[in-house]
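Hi,

Here is the structure I promised to pass on.

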Amino acid sequence: MKRLLSSVQFRSVILASLSVVALSAATFSTPVAYGYNAKVQYQTELQKKLGVTEGISIRSWLAGDKNYKPPMINIPEICKNILPIRTLTSDYYGADGAQAAVQMLLKYRRVDLSQEQLATELNGAYTQAAMSKPTDISKVKESVNSHLFGYATPDSNYDPGYFLYNMNSETEPNRFRSMLKQNVIDGYPIIYHVDASYLYPGATGSKYVLGIGYRIAKLMDDQTQQNSPANIGRIYFLDPDQSRQDFYWGGLKYMDINDFIKAVQHSYSGCYIA
């Protein structure tokens with residue numbers, strides 16, 4: 001995303017710590033990782049214990065308890081790669097997720113709109129039938145820009161705004177890694193259009209999910225190489241599909257970045273918005 005805005009300074013230490021904090025299995029359920037060709041892995045995201053004793057409260061916050069204030073934890077800088085966004089599910093079962101993905105992105109940027117309004121813009125009607133049909137990704141981009149910046153399409157690459165990128169372009173996967181890192185630094189989630197069969201066993205069709213972060217692949221002695229976009233190993237995203245929600249984690253999922261790129265490439269648009 002091209003922008004003239006300053007970076008967002010605030011980061012949630014709770015969601016940013018998902019890849020490094022370990023608590024007992026009795027306290028937390030295990031997040032689900034979805035891999036290429038629907039190879040489902042079950043492994044904990046919380047891997048290193050930092051002495052956190054507020055497991056139940058953290059769990060309540062992740063589940064949406066508005067009265068809970070997350071504790072302040074000192075998290076290594078390399079792990080602060082996830083935007084603090086809670087899942088908002090689609091209003092209708094079977095919706096392709098475009099309305100909820102836009103709603104979550106706008107809400108994080110402090111623009112609060114209902115899915116009814118967004119569905120009317122994107123799909124022509126706020127009905128299950130209309131919202132279950134494929135949503136034009138160009139309309140998704142225009143809706144986000146209109147509500148955030150006041151215009152559907154930026155006049156030039158120097159104007160702030162979201163742009164449409166084709167992941168099937170020969171050079172796009174490499175550029176995507178850099179764009180992913182910069183968007184997270186600046187506090188702008190990414191909307192992905194993905195082939196559902198790459199995420200879930202037996203799933204069909206394309207759907208929208210909201211990208212909220214990444215994790216580096218490995219620690220290195222050379223900090224420049226460690227922080228390079230080429231060292232991104234995992235994508236974090238929120239799936240608004242009602243049927244894909246975890247009791248504790250909501251729609252939070254993760255996936256190997258190379259497998260996720262294939263999921264985007266094989267969606268019917270092959271594109272993402274950033």
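Which helix does Lys-107 lie in? That would be α2, which covers residues 98–108. Do keep in mind that this is a predicted model.

Is Lys-107 buried, exposed or partly exposed? Its relative accessibility is 42%, so Lys-107 counts as partly exposed, since that label covers values between 20% and 50%. If you skip the neighbours within four places in sequence, Lys-107 is in contact with Leu-88 and Asp-112. I also checked Ile-85, which is 22 residues away along the chain: its C-alpha atom and that of Lys-107 are 8.9 Å apart.

Next up is Asp-239, which you'll find in the loop between β6 (232–238) and β7 (252–256). Asp-239 counts as buried because its relative accessibility is 0%, and the cut-off is under 20%. Its side chain makes a polar contact with the side chain of Lys-207, at 2.8 Å. Not counting residues up to four places away in sequence, Asp-239 touches several others too, among them Thr-87, Tyr-200, Arg-244 and Gly-251.

Then there's the nonpolar core. The largest one has 60 residues, and Phe-176, Leu-180, Ile-191, Tyr-192, Ile-212, Phe-260 and Tyr-272 have the most contacts inside it. Helix α2 supplies the largest share of this core, with 7 residues. As background, nonpolar side chains tend to be buried together in soluble globular proteins.

Cheers

Terms used: Residues are numbered from 1 along each chain as its sequence is written. This is a predicted model: local features need pLDDT of at least 70, side-chain atom pairs count only at pLDDT 80 or more; totals for chains, interfaces and linings use all residues. Side-chain values use heavy atoms; hydrogens and water are left out. Helices (H or I, at least four residues) and strands (E, at least two) are DSSP runs, numbered from the N terminus. Buried means under 20% relative accessible area, exposed over 50%, partly exposed in between (1.4 Å probe, protein chains only). Contact means heavy atoms within 4.5 Å. A polar contact is a pair of N or O atoms within 3.5 Å; within protein, one must be able to donate a hydrogen and the other to accept it, and residues adjacent in sequence count only if both atoms are side-chain atoms. A nonpolar core is a set of buried Ala, Val, Leu, Ile, Met, Phe, Trp, Tyr and Cys residues joined through side-chain atoms within 4.5 Å.
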